[in-house]
Structure formats: structure tokens, C-alpha cells
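Here are some notes for a first look at this structure. They are numbered so that each can be checked in turn.

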Amino acid sequence: MGTLGTLFAPERVAVVGASAREGSVGYAVTHNLVESFDGEVLAVNPNSDEVLGLDCHDSLAGLADVDVAVVVVPPDVAVEAVREAGETGIENVVVITAGFSEAGSEGAARERELVAIAEEYDINLVGPNCVGVMSTGVGLNATFAPMDAQPGNVSMMSQSGAFITAVLDWASDRSLGFKDVVSLGNKAVLDESDFVREWGEDPETDVVLGYLEDIDDGRAFMETAREVGRETPIVVVKSGRTEAGASAAASHTGAIAGSDRAYEAGLAQSGVIRVDSVQELFDAASILAGQPVPDSEEVAIVTNAGGPGVMTTDAVGDADLSLAEFSDGTIDELGEFLPDGANVYNPVDIIGDAPSERFERTLDVVLSDDNVGTAIVLACPTATLSFEDLAEATVEMQEAHDVPVAAVLMGGTSTREAAETMSEAGIPSYFDPARAVRSLDILAEYADSRTAEYTEPTTFDVDHERVDAILDRARERNSSRLGVEAMGLLDAYGIPTPEGEVVDDPAEAQAIAEDIGDEVVMKIVSPDILHKSDIGGVEVGVGPEEVWDTYEDLVARARQYQPDATIIGVQVQEMVDIDAGTETIVGVTRDPQFGPLVMFGLGGIFVEILEDTAFRVAPVSEPEASEMVDDIEASPLLHGARGREPVDTDALVETIQRISQLVTDVPAITELDINPAVATPDGVSAVDLRLTLDTEEL
Ligand code: ADP
Ligand code: MG
């Protein structure tokens, strides 16, 4: 039994608010339980003697050995019922009743009360405001849904109750069965992480599905999912993908990072398979529940139709899969029995007159090839082919070789029975080759994430005292926005910066420039000026004689832009050879659910217009940082496209990790941009910095 005790394996279930009035929730829940449940159902209703043939009890008090109480009474009575459940020692309570945090401040207060009671009595509380729970192992249907779940090995949680009923209805004429189903409701106590953990320990759950609108604690979810996902695939549809970025953000990173970036990164980093549509969710569920995990992403295609074979090959090319290259033995063997005109290479075309025996023999050979990780059986209707025989042959070969197979049956009515035979054996079939390929892609993605080693993020030696001193100064000034005057933070974290200093009079500027001993860059330093070059606040290539005048010009421009701007001074900085490298951006924003989110991209138009960026939730490990550098579309530029010398990507990878460590160590940093971090063949140099502090955290 899992962490949630008897919630999904009760022997006695009580309905608080059981009702004989048809059309009421109390009736629907009682009716479902009476119809389906293997154990005993108890009705609680002080105003009735009998409901659906059950004697009514006045309250939960005094009822012995109740494993789950299902509460459907009005909200204020519901709170009392939960307390009674606690006092009676009932471990699990499902609050179906609505009228809690989704219903204004009064409801929110009521929900807090519910949480307090659940904590006091250590109750596993589902909901409130939900459709209920099901568990096919014991025939439990403690919901008001108008249908049952078919038994199977998929467990599902959903934040939308309507989604559950829609899915169960949809699944009822397909061979997708469920172990547990839970409607999460307001997630006052139990949330997605609790159920993922539970199902990770449940030997009868082979796949976890989630329809989520939000994740309460992103980091807790990541940790649980990472662990559970090694044994049990987790597939999630997260709605709200197009949410606009935080418009008030002061940094590029903040503006690009809508909260969906955090979900995208967090789910991917913890090996959760994220899909975009309900159809994909079920395609994923079907193949993960029915087929073994593949050894490789090499696909074999066996078809009786050339054209669709090419379409499928194209789809394989677009996915993260590749076409298997057969061994010589396979090719020889196929050549021995396939007719003239057949193609013995992958995609194997066994031509239009193929009966099911030819499919079977071909599959037998192809699935024996060690180079084949997965296979697609692709058939169009012909006079010589019986789809029903093909289905049986495919099932037999799949089971004999234990290699995952998906089928494409390009037809209508004539394919129906065959599709059912396959589906019962766990082989999904589709009309559209692209969907079969996508399913295998998901299977391969899961295989990949399952074997991926988790690498602990590196901890670098850094100068904490120096960081504290800089933050102290910010606190004294009460400034929440810092710019290049805080470059010391980067230095303290071992991120290379050009030599330079912030000064507040022209004579000092001259002295620094002389120290640097070459042309310099001069920048205005003011918390009121976010984009310095926009107001003429950056001068590059300043010669020694121009330093004094440039200083005064920069201050004058700032004053002109904003007369009352606070001017800290001017930064005099060593020149970096930008032409020898590429301007990149390394940034951070903080997500309410996932915490610091690190961004990498190329600077300039790449980040501003194309939004060619990669995100990861911090702390970012070395392999993750390296993926970020490779993930962006413009990555070939960094690796030396078109005869350019490659930049030092190792230095970029290290910079990303060090920034990740900085923002993990210093929670007061809410946003940060290094724009640009100039990457050259010899290393990285952070020439600009901007960050926002939460002064209350300082
Ligand atoms: P801002 O982003 O506020 O306008 P930056 O410090 O990023 O200010 O400077 C603007 C641009 O000036 C940079 O993108 C870079 O192209 C150039 N630049 C800034 N500092 C240097 C430097 N030390 N060496 C060479 N070019 C620089
Ligand atoms: Mg800049």
C-alpha cells in the first residue's frame, strides 16, 4: 500500500449527504458506490431513514472502520463533517462539495479551516470542489460522474472534473483502462505531487496521466517526478501554455519568461513527458501502457504501400527518431523470400499483393535485428490482405520479440476489428502515420529520460563576503535596481568581467583609463537608466584625451534624459574584442512555483525579436547548462559555423552554472541579465549587468 493508505483500497466507504433524490450529487455518488463497490457502503443523512436500500446513520460519529468518507453536504456542514471524520479516526476524506477557495474570501477562510482540521487529524483530504475518486481494483466509484472507469494500468489525476468525465466516456470504447482516477479539485491538502508519489509505489499503475492547470510547488513536484519517472512514465497536459510574459518585468529575461517557460523547463528537467493536446495525452498513455520501453530510437517500417511508407519515413525524420539501418543478415534474409520489386532496405516495402503471412515473416526477421528499436506496421487495404489476420500476426510477432510496435491502418470500416484486436494486445493503431511516429517518439523520449543519469549541480568556491558587502551597500542606498556598479557580484562568483571601475569625477576616470592603458569604454551608471545605450550612455573606443569630455557628456545626456535621475557615476571599462566573439545573454527570473529560472540565448536581435532562448530551473547542472547552449537555434554559430572559429562554449557552460549558483544562494535577486556576456574563442567576458533585488529579502 502506498503513502495514501486505504484511499484507493478501502473496505468501507461512508457518504455524508447520501440522498434518494435523483439528480442530486448525494444520489449520484451513493448510486455509483452501491452499483460498483466491492466493499461496504454506509449512508449518512440525519434527515432520512434509508437511501437506496441502505440504512441511514445520523453522523460519522460512532461508525467503526470507515476507510473513506465522501462528503457532499453544503460547505459549512462539510467542514463539520470533516472534523467528525477526524474525531472518528477516518484516514481519508473526499470533499466533493464546492464553495471553498474558488468562491471568494468566505470560501477561502472555510478552506483554511478544512486544511487545519486535516492537519490536526492527519487526514488524506481530496478536494474540495471535485468530482471524486475512483479505483477499479476494488470497484470504487466515489464520484458523481455518469460512468465508470474500465479497469487497466493507467492512473489519472485532473484539475478539471469535466475532463475526467469526458475522458472516461472517450476511453470506454477504446482499450484504455484505469487503475485510479482522482479529481484534484482545489488541492487544499493533497496535490499532484502526493498522487505521483502514491502511484510511483503502486505496482498496478504503469502510467501516470495528469491534466494540470497549475502546479502548487514546482520544486517539490520536480523532485517527486524525477524519482517516480524512473519506473513509471508521467505524462502531463499543462493548460495555459500561451499565457503572456510578465509585462512589468524590467529585464529581457523577465519579459520573455512567461510562467509557461518555467513549466516547460521544470517538467522536462524532471523527465515528465509534456504533451500539447488531449489526443496526444491518450496516444502517449496507450503506447506507454501497452508497449515495452525501447532499447533505441531506431525505427523499422514494414509496409505494403510505397507512398505512405515515404510519408512515414518523413515523419520519422522530423521526430527525434531515426530510420534503423538493417544488418547484412537481415537484408539477405528478406531478399530470400520477398518478391521482385520489394524493397529489402528500410522502409521495407513488401508490395501491394502482400498477404498477412508476408507481413508476419518480414516482421519476424526485422524485429530480430539488434539495430531495430521500434517498428511501425503500415498497411493499406488490398484484395490480398485481411486486416484481421494482419492484426493477429502483428500481435504475435510483437509479443514474440518484445520490441515496441505501433500500427498504421490506412482505412476505415475494414480496419475497425483489426484495430480492436491490436488495441487489446496493447498495440496502438492509427490512420495517420504522423501519430504513430509521434507515439513512438514519446516512447523513445521516456526511454531516454529514464536512463539519463541525474547529475548534481556543481558548487563552485565563491567569495560570499564580497557579495554580502555589495548587497549591504544596496540595502543602505535602498536601491532595488543595480547595474554595472554591482559587477563585483560576478567577480565574486568567478565570472570573468573586463577590468573597470565606477567613479564619480572626471579626474578619477582619467586615472582609471591610464591604468587600463588603452582605449576604454565609458558607461553612465544610474539606477534610473535601464538601457544605457538608448540614451547615448555608452561610449566605446574612448581614447585617453577624450576621457574627461566623455565623462561630462555622459552625465549631461543622463540629465537631459531625466533631470532628477540619481547618477552614481561613470564606469570606465576595458575594451573587449566583440568582433572576435559573439554577444550572448545569460539571465535569471524568479518563478512563483519553480523558483529561479535561468535563461541563455544570443544577444541583440536573437533574444529581442527571435526569442531564441533556452530555460532551465536552477540549480542548473553541468549537463543541463551544456544542453542550454546546444538547445538554441543559433547554437551552430557558437560551435563555429561557416568557417568561424568556435567560441569557448565550456566557459559559457560554466558561466551559466555560476549564475545559477548565485541566484540560488541569494534569494533577494529576483531578476538578472548579463547582456552581453561576450563569448570568444578564449573565454567569456560579462561586460554588462543589470539586476533587480527584492529589498524585503535583503
Ligand atoms: P546597455 O545594454 O545598457 O545599453 P551595455 O553595457 O550592454 O549597455 O553596452 C551596450 C553595447 O556596447 C554592448 O552590447 C556592446 O556591444 C558594447 N559594449 C559595452 N561594453 C563593452 C566593452 N567593454 N567592450 C566592447 N564593447 C562593449
Ligand atoms: Mg547591455
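1. Start with Asp353 and Arg358. Their side chains meet in a salt bridge, with N and O 2.7 Å apart. This is a predicted model, so the distances here are computed from it. Asp353 is partly exposed, at 41% relative accessible area. Arg358 counts as buried, at 15%.

2. Next, take Asp283 and Arg435. They form a salt bridge, and their closest N and O atoms lie 2.8 Å apart. The pair links distant parts of the chain. Asp283 sits in helix α9 (residues 278-290), and Arg435 sits in helix α15 (residues 433-451). The two residues are 152 residues apart. Asp283 counts as buried, with 7% relative accessibility. Arg435 counts as partly exposed, with 27%.

3. Is Asp180 buried or exposed? Asp180 is buried, because its relative accessible area is 1% and the cut-off for buried is under 20%. Lys179 is buried as well, with a relative accessible area of 8%. The two form a salt bridge, the closest N and O atoms being 3.1 Å apart.

4. Some salt bridges join up. Lys187, Glu192, Asp214 and Asp216 are linked in a network of them. Across the whole structure, a search finds 25 salt bridges. In general, side chains of opposite charge can pair when their charged atoms come close.

5. Now the sheet. In what order do the strands of the open sheet run? The order is β3-β4-β2-β1-β5-β6-β7. That makes 7 strands, and the pairing is mixed. At the edges are β3 (50-51) and β7 (124-126). Each edge strand pairs on one side only.

6. Within the sheet, check β1 against β5. Strand β1 covers residues 12-16, and strand β5 covers residues 68-71. The two run parallel and are joined by 4 bridges. One residue pair to find is Ala14 with its bridge partner Ala69 in β5. In general, strands of a sheet pair through backbone hydrogen bonds, either parallel or antiparallel.

7. Last, a helix on the sheet. Which strands does helix α2 touch? Helix α2 (residues 75-88) packs on the sheet and touches β1, β5, β6 (92-95) and β7. The direction of α2 makes about 170 degrees with that of β6. One of the strands touched, β7, is also an edge strand.

Definitions and conventions
Residues are numbered from 1 along each chain as its sequence is written. Chains are lettered from A and ligands numbered from 1 in the order in which they are written. This is a predicted model: local features need pLDDT of at least 70, side-chain atom pairs count only at pLDDT 80 or more; totals for chains, interfaces and linings use all residues. Side-chain values use heavy atoms; hydrogens and water are left out. A salt bridge is a side-chain nitrogen of Lys or Arg within 4 Å of a carboxyl oxygen of Asp or Glu. Buried means under 20% relative accessible area, exposed over 50%, partly exposed in between (1.4 Å probe, protein chains only). Two strands pair if DSSP finds at least two bridges between them. Contact means heavy atoms within 4.5 Å. Axes are lines fitted to C-alpha atoms, for helices over the stretch in contact, and angles run from 0 to 180 degrees between N-to-C directions.
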